[in-house]
Each structure stands twice: as C-alpha cells, then as structure tokens.
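Subject: Structure handover

Hello,

Here is the structure we talked about. Please open it and keep it beside this message; my notes follow below.

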Amino acid sequence: MPAVLGLNFHHDTAAALVVDGRLYAAEEERWSGVKHNHPTRKGTLTAPTRALQWCLEAAGLEPEDVDAVWAASMRPTPAAGWWLAEEREELAALLPAPLGEHLRLLSHHTAHVLSGYLLSGHEHAAGLVIDAGGSSLGSDFGPGRERITGYDLWPDRIDRLHQGMPTVVPGPVGPRRVHSSLGHFYRNLAQRVIPPGDEPEGSMMALAAFGDPQRYGTHIRELVRLGDEGEIRIDHPWGSADDSTPLLLDGRAWTAENVAEQPEHKRADLAAAVQEVFAESVVHIARHLQRLTRASALVFSGGCALNSHLNGQLATDSGFDTLFVAPAPHDAGTAVGAALYGWHYQLGQERLLVPTDAAWGPNPGPLPSTAVPSGYHALPHLGLGLAPAVAALLAEHRIVGWVQGQLEFGPRALGHRSILAHPGHAATRNRLNAIKKRAAYRPFAPAVLAEHATKWFMSAGDPFMNRVATVRRCRADRIAAVTHHDGTARVQSVAADHQGLRNLLEQFHDLTGLPLLLNTSFNRKGAPILRTAEQAVAAAVELSLDALALGDTLLLADHVPDPRAAFLRTR
C-alpha cells in the first residue's frame, strides 16, 4: 500500500500521512507550545519536524518508504508559474533528502477544499474556500492571491469555477489592483472591537450575540457590496491586512489602539453588524456556486469556515441540502488536503471513510508514578470503572480534565484533550471562563449523543464542533452553561463509534437524564491544546481542576470526595 505525506510549512504548521487507508496527522504547535507555531514572525517558513517524525514513527515508516509528498503553495509572487519551482526548492531544503526529492506543490485553496471533500463521502459537491489569502493567482490576475475560490468537485476531477477578482483603487502613483479578502475584513474589524489579549475573531463572534446589528449595519454594508455572479467588493482598505486606518462611527475614530476605550455595548453592536454582513456575503457566494454546480452538497473550508455562526447560517440559507465543513478548516488542514490529494488523485487510491472524529494524533503516554502533584491523590487502574466515576463527579458539578486516546487534529477539543463539566448551571460557565482567563461573554460548546441531538437542538450539529444550532426553548433552562445569549450552541454530535467521549456521555445520561456535557479545550490561555500526560497534570494543577482522568487513572483533588461511593449509591 503506498504512503503519501502532506505538509504545511506556513503558520499552523502541520504534517499528515496516509498509509494503508489510515490517516495520521499532527500540528507542530503541540510540540513547540507556540499557538499557530509562530516562533519568530508570521510568514516564517518552518518544517513540521516533530509532527512529521511522529507521523512516520506511528506508521512504522522511514522517509524512504514515502511514495509522494505534497504541500500547499503560499508564495504570493505575481508570476506565471516560475515561482512554484523556486518555492518547491526552498521548502524541499527544509526536509530530509528522500522526502525533499519527492516534494510537489498544489494550490493552497485546493488543499483546503480537499481536506473537506475527500473526507465528506459526497460524490459530487460544490467547494468553497474563503480565508485571508492563499497561493498566487499569477500574472493574469495582477499581484494577488487566492481569497475566495469556488469549485465543482468530483472523484475524477477538480474544477475551479469561481475566483474572487481584484478591484482597481487609486494609489500614490496611479491606479493599482487590490485583491480584497473577507478574512482580512473580519479580522480587521475584530481588532477594532476586541481589546488586546483576547483572540479577535472568535471573541467578536461571541460578542455579536449581545449586540444590535441595526445600530451600525447601514455603515458596514456600505463597506461590502454584493454584485452579480457571486461578486464581492470590499472598500479599500477594509479587505486588506491594514490594521491602522480608523473606522469612523458615532463621530469617533475606532482603532486597534483605542478599542478598550469604546463601551462594551457599542462594541457588541459593531460586532453584530460585522457578523451579519460577513454571513450575508458568504451566503451570497454560496448561492452562486449552487446555481453553477447544481450540487446538493457544499463543502466549506479555509479560515473563515472556523466561524461557527456563519456555518449554521450556511446550512440553512445557502440553497444546498447538505453542508460539510472540513474537520480542520484552518491552515493546518491543508496538510491533510495535500496528503489526500496525492492519495486519491495522484495514486488512484480509494477515498478514506467518512470520519466521525479527528483523533489522528499521538497518545498522551502513561502517567509517571512520580507525577501525582501536591493537593491531589491518584485512583489508578480503574479500567471500566473510570467513566462511571467521572460521570458521578460531573453530575456533582465538578470540573474534570479528560485525556483519553489519540490527540485531536484541529482547533477544537473533541473529547480526547478536553475539560468537561455539567451543562446545567450558568455559574459553571462563569467559573470556567475565569479558570481559562477568557472574556465573560464567551460561550462553551456541548458534546451530545448524536441520536439525542435534535431533541435538544433545532439541528443535528456537527461531529467536529464546526457549526451552531438553536437550542430548543423548552430545553434551554436545563443546559444554561452551554446556551449562548442568542439561544444558540456550537454542537458537537458524538457518534456511536467515538472512542473519546461516547461511554462517558452514556454514563452521564444514565445518571442525570442529560445526554450532553460541556466540552472545552484542555489548554492554558494563549497556549495550544496539550499533548502529553505530563502537560495534562501540570495544567490541571495550574487551572485548579477538581479531577483529571488520564487513561484509566483518576487524579482527584484532596478536597473532592471519592466519586465511586456516590456512583454506587445511585445504583
């Protein structure tokens, strides 16, 4: 069976390996400890050295056993093709010789869309990629990069049908072409809404639920115009990487420097207007793709596909019957898309099965016997008794670190490196936001048994926690910790074959009647999701968690009663 390696050398550096129909994938940040793997500056080329090494070791391969190596191109040089050879040589030099010799490049957006399509199970689908920017478009389009790209996708071909085009704006020495980006638009406005110290895009999406989009809606719509055939025109410089031009609202200049001076309710109103106009723009493009392709399914990827509120709206308003958001729609996912491209389109192998989880990374390793910290004691070798014990803790509103099996790939904790809690009380949300040092308005996501999802939410959610659903009103009071201010939740549906959370959810359901848990990533503020047992113990202590479940061992804070007795009483 051939082996194909996919790599991303830019931010969110990652490696993915497909061999014998199995996918191994990991992000370099999980080793470096630097979120998005920016050790020096954004744009630095970095080989995913340790992630690559792990993929090979996990599959039992040496570099010479790899048949094909693919990576996404990111060079924005406005040339007609020569830059690919130059970039390939630059990237190949970062790899061991056997791998560098095999390296080939495909476009950044194609790698993005295939990270979704080739795992979606759909025969025919429209593909949409929207992000800050991808590969060069070449001299025919001017000095620009992929920003918005639409595809018609089939098992035997990839057709690019739609491309965001440049606009002409005045410049200091005459007219110039500008490729606007919806990704830059959202980020630039977020930097004028969210004070430094909080992640701008995710925080603005959360804050938007508290705002009135009408207050600034007219002004924001003047910045983004929707044209025929899916066209989007963003006033310059709002679609560029500019982060210093003041936005004039209410007679005041909004900048990244003075954002903390703006009242929170006005920032919420601006966030709501930006979120609404952003979603309208993406739906506009998606409807154009539906008319072009006549496909029933839409596959969405790129950085903008991390916007779960947008994804919920796409699912209902885009004109497609089905929406599939790539399991890892951010740039790390291009490594997966590149590997799947080589596996399927180059080597002609059958597509992989549709995943219900993204546990493609390393195991945490065992808990060292010397790792029990002060203030905790270990309950080892619980075996099948672990899930009932943890369910009893959660039923008593304890907060538990949960480290089980292979590490998730992507930005969401899906039940392998998670912090879990009872979803019933808003006070739990407040405690967790304080523990994780997040803004008080940030929501938390529920992980729900898939067969119960539509009993609690108006739609079934997503196995990769990539879209919001409306909470059923009759249920909202019972799950206040995971119901956002606007009555929505970012729902992770947990299938019967999920190895991380399924058994625990079933045990918790038996105890409480609730088929869902609050699930958030196990990490410190500003740090990646943790990888190892040692990291988990250190983080549990730092975050003052009530317990940590690692393998079949439970570390229990000394102030917490042994949950096994409580569990037996309920039986």
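A polar contact here is a pair of N or O atoms within 3.5 Å; within protein, one must be able to donate a hydrogen and the other to accept it. Please also keep in mind that this is a predicted model.

Helix α7

The definition applies at the start of α7. There, a side-chain oxygen of E199 comes to within 3.0 Å of the backbone nitrogen of E201. The helix itself spans residues 200–207 and is mostly covered. Seven of its eight residues are buried. Among them are P200, G202 and S203. M204, M205, A206 and L207 are buried too. What covers them? The cover includes α6 (182–191), α9 (264–293) and α10 (308–317).

The sheet

Now look at the open sheet, which has eight strands. Their order is β17-β26-β25-β18-β19-β24-β20-β23. The pairing is mixed. β17 (376–379) and β23 (492–494) are the edge strands, each pairing on one side only. On average, neighbouring strands are turned by 30° against each other, direction ignored.

In general, strands of a sheet pair through backbone hydrogen bonds, either parallel or antiparallel. For β18 (residues 400–403) and β25 (residues 547–550), the sense is parallel, over four bridges. In this pair, V403 of β18 stands opposite L550 in β25.

Helix α16

Residues 502–512 form α16. This helix lies across β18, β19 (417–421), β20 (445–449), β23 and β24 (516–521). Against β20, α16 runs at about 85°.

Best wishes

Note on methods. Residues are numbered from 1 along each chain as its sequence is written. This is a predicted model: local features need pLDDT of at least 70, side-chain atom pairs count only at pLDDT 80 or more; totals for chains, interfaces and linings use all residues. Side-chain values use heavy atoms; hydrogens and water are left out. Two strands pair if DSSP finds at least two bridges between them. Helices (H or I, at least four residues) and strands (E, at least two) are DSSP runs, numbered from the N terminus. Axes are lines fitted to C-alpha atoms, for helices over the stretch in contact, and angles run from 0 to 180 degrees between N-to-C directions. Contact means heavy atoms within 4.5 Å. Buried means under 20% relative accessible area, exposed over 50%, partly exposed in between (1.4 Å probe, protein chains only).
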